[in-house]
Each structure stands twice: as structure tokens, then as C-alpha cells.
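Thanks for making the time, everyone.

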Amino acid sequence: MKLVTRSQLGWPTSAAPTQTSTKGVKVHYAGSPVSKNLLAHHDLCVDHWQQIRKSHLANTVENYSDIAYNYGACPHGYLLEGRGLRRRTGANGNQELNRGHYAIIGLVGSEGLTQPTDAMLSAIRDGIELLRKHGAGNEIKGHRDGHATACPGKALYAWVQKGAPRPGGTETKPGTGGGPARPKVEPYPGAAFFLKDGKPALGKKSPIFTAMGKRLVAVGCGRYTVGPGPTLGPADIESYEAWQRKCGFTGAEAKWPPGKTTWDKLKVPNV
Ligand SMILES: [Zn+2]
Ligand SMILES: [Zn+2]
């Protein structure tokens with residue numbers, strides 16, 4: 001599971017009401033156009049998620065206390081935390097429906113990006129399984145079940161009606177507890193690994209840089225126009241320094257090379 005947490009998004013603890021159990025999960029989509037550019041740039045997914053929260057907080061009619069969804073799923077397979085675990089959703093239509101089910105949105109819309117990717121379906125499935133481990137029942141429904149709406153759109157609703165299977169069906173092996181493996185954390189390779197003659201080791205090649213770059217993109221710090229790839233380039237350094245600042249470091253401490261604190265927090269998987 002590729003989870004992007006609220007703290008990685010820079011959000012405080014959710015102010016939404018708590019609840020300990022539901023009948024299950026309802027699947028949603030954005031009932032408005034979603035740009036196909038998301039497919040090429042995960043940064044835009046994170047931006048889109050931030051925008052949804054902003055618009056919900058600004059909605060004085062619904063008077064939301066937070067983004068309305070428990071989780072979002074992007075086309076790259078990231079599960080974006082919304083209200084998160086054990087919080088009542090605001091997305092299902094009314095209070096009774098909100099108490100009945102949690103809510104996960106796939107970042108597809110009524111126009112533009114309308115077809116969920118396999119990675120997105122997997123991420124929704126990750127969210128369902130995560131919520132089940134924390135008090136959600138086994139029902140999987142669409143927003144339109146019990147409420148007059150087109151949500152979650154044609155494609156997602158067809159998938160929900162099939163029982164929301166994990167694409168490929170390979171992740172749920174018997175005896176493994178059903179969940180995908182957690183990413184391992186690459187031990188911090190040491191400051192010298194990232195430097196040459198005291199300067200950034202530009203041009204150095206390692207799969208670690210690709211893994212690092214992917215995580216930087218996941219946490220919304222990607223400054224890449226191409227890549228990330230295995231060759232250390234200026235965009236890696238810019239992205240990492242954005243991450244250091246996001247972690248609260250300033251001045252010389254927010255400069256290349258990566259330090260152990262920010263590296264561990266970034267959770268770069270083993271390569
Ligand atoms: Zn909906
Ligand atoms: Zn994405």
C-alpha cells in the first residue's frame with residue numbers, strides 16, 4: 001500500500017466526528033471534470049486532493065469540518081488520506097448515510113479522466129481493507145446506492161457491482177493476511193553516498209535515486225519535468241530540499257545531502 005498521510009500533506013488531525021464502526025464503504029468519484037494531465041504528473045494528484053479539501057472547508061452550505069472523504073485513490077495507486085480511520089464521512093448524502101458507510105473517492109470525474117487505472121482500483125481496495133481492519137463492515141457500495149446521484153460514475157460503479165475486485169487478483173494470497181506487503185525502509189546510506197568532493201554527486205547512478213524520487217513525488221515535493229530516474233540530477237536535489245523544508249528544516253539544514261531524519265521519514269523502500 002502506498003499511503004500518503006495527512007501529516008505528509010501538511011494537514012492537522014481531522015476535526016470530523018469519530019465513529020467506531022460502519023456497514024462498509026461507499027465508493028465515489030469527482031462529479032466534475034478531472035484533468036487527464038494527472039496521469040503524467042502525480043504532483044497534480046496531490047494538488048487536486050489539496051484543492052478538494054480547500055473547497056470542502058470553504059463550503060458554507062454543507063459546513064464541512066474537513067475534506068468529506070475518508071480516503072482518495074489516485075491513478076498512480078497512491079491512497080491519499082482524508083478524514084482517515086474511525087472518522088464519520090460527510091460525503092454520502094445525509095447523516096444517516098454518513099453513519100452507515102465510510103467513503104473513498106477514486107480521482108476520476110464526469111469528463112476528462114473518466115476511466116480508473118488498475119493502480120487506482122488497487123488503491124481503493126487498499127483503503128477498503130484498511131478501513132475493514134479498523135471497524136468497517138464488509139459492504140462495498142456506490143454513492144448512488146440509497147442516494148440520488150450519478151456518483152461514482154459508470155466505470156467505478158460497474159467495478160463496485162462486481163464486488164470491487166483487486167485488478168489481476170494476485171495480491172490476496174491465502175495465508176498472507178490479504179494485504180499487500182508494506183514497503184521496507186531503505187537504511188540511510190550516509191551523507192557521503194550523496195556527495196562527491198563535498199558537493200552533490202550529480203551524475204551518480206543508483207536505483208536508490210529512482211526510489212527516492214518516487215517517494216518525493218508521492219509526498220508532493222516532486223520538482224521533476226522528467227523522471228525520477230537512477231541518475232542524480234538537479235531536480236532530485238530541488239525535490240529533496242523541498243522535502244527538508246516540509247519537514248521543518250531551514251537554512252543549511254534544508255540543503256543537500258539528505259539527513260537521516262528526513263530520509264527515515266520519507267520511507268524510501270528497499271531497492
Ligand atoms: Zn459521491
Ligand atoms: Zn497520483
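How many salt bridges does the structure hold? Keeping in mind that this is a predicted model, the count is 6 salt bridges.

Let me begin with Arg166, whose side chain meets that of Asp126 in a salt bridge at 2.8 Å, N to O, and meets that of Glu129 in another at 3.2 Å. Arg166 sits in the loop between helix 5 and strand 7 while Glu129 lies in helix 4, so this pair ties together parts that are 37 residues apart in sequence. Asp126 is also in helix 4, 40 residues from Arg166. Arg166 and Asp126 are both buried, and Glu129 is buried as well.

Another salt bridge joins Lys260 and Asp264, at 2.5 Å, N to O, and here both residues lie in helix 8, 4 residues apart, about one turn of the helix. Lys260 counts as partly exposed at 47% relative accessibility, and Asp264 is partly exposed at 29%.

Now to the domains. The assignment gives domain 1 as 2-169 and domain 2 as 191-266, with C-alpha centres 30 Å apart. The area buried between them is about 700 Å², of which carbon and sulfur atoms give 48%. On the domain 1 side, Gln8, Asp43 and Tyr78 supply 62% of the area buried against domain 2, more than any other three residues. Across this interface the rule finds 0 salt bridges, and the count of residue pairs in polar contact, both at pLDDT 80 or more, is 1.

Notes
Residues numbered from 1 in each chain as written. Chains lettered and ligands numbered in written order. Predicted model: local features only at pLDDT ≥ 70, side-chain atom pairs only at ≥ 80, totals over all residues. Heavy atoms only, no water. Domains from an automatic or database assignment. Buried area = accessible area lost by both parts, 1.4 Å probe. Salt bridge = Lys/Arg side-chain N within 4 Å of Asp/Glu carboxyl O. Polar contact = N/O pair within 3.5 Å; in protein donor to acceptor, adjacent residues only side chain to side chain. Helix = DSSP H or I, 4+ residues; strand = E, 2+ residues; numbered from the N terminus. Buried < 20%, exposed > 50% of the residue type's maximum accessible area, 1.4 Å probe, protein only.
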